[in-house]
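This report describes the fold of one protein chain and then looks at a single residue and its surroundings.

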Amino acid sequence: NTPAAGVVIDKLGFESIMYVLATGTLADADATFAVLLEESDASDSGFTAVADADMIGTEAAAGFNFADDGETRKLGYVGNKRFTRLTVTPSGNSGSAPIAAVAILGNARSRPVS
């Protein structure tokens, strides 16, 4: 039941980020997993929750529960802060909960992008 904070993502040179979350086999009969997206102007401090207007999708829709084995979710960011991080917080989890998240930078300010 410990929150899993992802690495800080720097969107320098990009206008958006799309987080993709994937679950494995969630081995608990009543666990839920809440998703929190935070933003900051500094990579090491000052993180605050992202306003709904700066997200594509919702944190609630990106969350999942024990019955969501092998599923994916997505949550986008279009705010003005340079740094973001994603945290997944389990509740009621006493089993194995393999999850992964990938951040995809989008809308490059300069093109082409390698």
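## Basis

This is a predicted model, in which local features need pLDDT of at least 70 and side-chain atom pairs count only at pLDDT 80 or more, while totals for chains, interfaces and linings use all residues. Residues are numbered from 1 along each chain as its sequence is written, and side-chain values use heavy atoms, with hydrogens and water left out.

## The chain

The chain has one helix and 10 strands, taken as DSSP runs (helices: H or I, at least four residues; strands: E, at least two) numbered from the N terminus. Their order from the N terminus is β-β-β-β-β-β-α-β-β-β-β.

Buried residues (under 20% relative accessible area, 1.4 Å probe, protein chains only) make up 34% of the 114 in the chain.

## The core

A nonpolar core is a set of buried Ala, Val, Leu, Ile, Met, Phe, Trp, Tyr and Cys residues joined through side-chain atoms within 4.5 Å. The largest has 17 residues, and Val35, Leu37, Leu75 and Leu86 touch the most other members. The elements giving two or more residues to this core are β3 (14–23), β4 (32–40), β8 (72–77) and β9 (83–91).

## Glu59

Glu59 belongs to helix α1 (residues 59–62). Contact means heavy atoms within 4.5 Å; leaving out residues up to four places away in sequence, Glu59 touches Val35, Leu36, Leu37 and Leu75.

Glu59 is buried but has no salt bridge, that is, a side-chain nitrogen of Lys or Arg within 4 Å of a carboxyl oxygen of Asp or Glu. The nearest side chain of opposite charge (Lys and Arg count as positive, Asp and Glu as negative; His and the chain ends are not counted) is Arg85, 11 Å away.

Note on methods
Buried < 20%, exposed > 50% of the residue type's maximum accessible area, 1.4 Å probe, protein only.
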